[in-house]
Amino acid sequence: MMSRFRPTSSQMFSRPWWTEQVRTFSWVAVVTILIWVYADMEFTENKDFTMPLRFKISPGSKLALLSDNDIELTFRARGNHSSLEKFEDLKKRNGNRLEIDVSDFPPGSASVSGEDLVPRDSDLAKSGLTVTSASQKQVQFRLDRLISKEVPVKLDYTGATLSPEPVLTPKTLPIEVAQ
């Protein structure tokens with residue numbers, strides 16, 4: 001038995017009728033949004049990506065990268081569908097490569113697993129994805145410390161007499177070289 005009554009045409013578009021319709025619509029909208037958010041959060045998927053891995057050094061870190069910079073890497077990322085798409089779009093806009101900052105490693109040779117290196121990419125962190133596997137078990141690179149030196153500026157010329165004698169300014173130049 002239905003407890004609601006069917007309004008007459010004079011009651012159909014009255015203030016109480018509109019209030020009831022808005023209240024019903026609000027509850028339906030809230031429940032629909034909650035189901036949608038839950039489904040997006042709960043249902044994760046995996047996707048494989050193949051990208052070159054490029055090491056970079058932060059400015060001011062006083063380190064130099066001595067290794068080959070581009071390594072092709074395939075990895076599997078796990079996350080919800082929208083996060084995977086967001087990551088893919090970010091990578092397409094940023095040259096479709098992983099950029100890994102290795103400034104916090106000490107100078108010398110380092111061997112790090114691909115699964116540990118890939119999460120260091122800033123776009124992956126922004127997307128909220130996790131790395132479940134990587135094609136290369138170990139990735140090797142070599143860092144060296146940069147040292148600053150002042151070198152004198154000299155003009156090396158032969159076969160001519162310069163008149164007047166050239167004046168070189170500045171007398172020295174700062175350079176940074178790997179140790």
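**Group meeting: one predicted chain**

Let me start with L66. Setting aside neighbours within four places in sequence, L66 contacts R142, D144 and A178. Contact here means heavy atoms within 4.5 Å.

Now the ground rules. This is a predicted model, where local features need pLDDT of at least 70, side-chain atom pairs count only at pLDDT 80 or more, and totals for chains, interfaces and linings use all residues. Residues are numbered from 1 along each chain as its sequence is written, and side-chain values use heavy atoms, with hydrogens and water left out.

Back to L66. Where does L66 sit? Its place is the loop between strand 2 (63–65) and strand 3 (70–80). Helices (H or I, at least four residues) and strands (E, at least two) are DSSP runs, numbered from the N terminus. L66 counts as partly exposed, at 42% relative accessibility. The cut-offs: buried is under 20% relative accessible area, exposed is over 50%, and partly exposed is in between, with a 1.4 Å probe and protein chains only. From L66 to E115 is 49 residues along the chain, and their C-alpha atoms are separated by 22 Å.

Next, the whole chain. It has four helices and eight strands. From the N terminus the order is α-β-β-β-α-β-β-α-α-β-β-β. The radius of gyration is 32 Å, well over the 16 Å that the globule rule gives for 179 residues, so the chain is more spread out than a compact globule. That radius is taken over C-alpha atoms, and the rule is 2.2 Å times the number of residues to the power 0.38. Along its principal axes, the C-alpha trace spans about 115 × 45 × 25 Å. Buried residues make up 22% of the 179. Take contacts between residues at least 6 apart in sequence: 71% join residues at least 24 apart.

Now helix 1, residues 15–42, which holds F25. Is F25 buried or exposed? Exposed, with a relative accessible area of 60%. F25 and N46 are 21 residues apart along the chain, and their C-alpha atoms are separated by 36 Å.

Last, D123, in helix 4 (residues 122–127). D123 is buried, with a relative accessible area of 5%. Not counting residues up to four places away in sequence, D123 touches F87, L90, K91 and N94. With N94 there is also a side-chain polar contact of 2.9 Å. A polar contact is a pair of N or O atoms within 3.5 Å; within protein, one must be able to donate a hydrogen and the other to accept it, and residues adjacent in sequence count only if both atoms are side-chain atoms.
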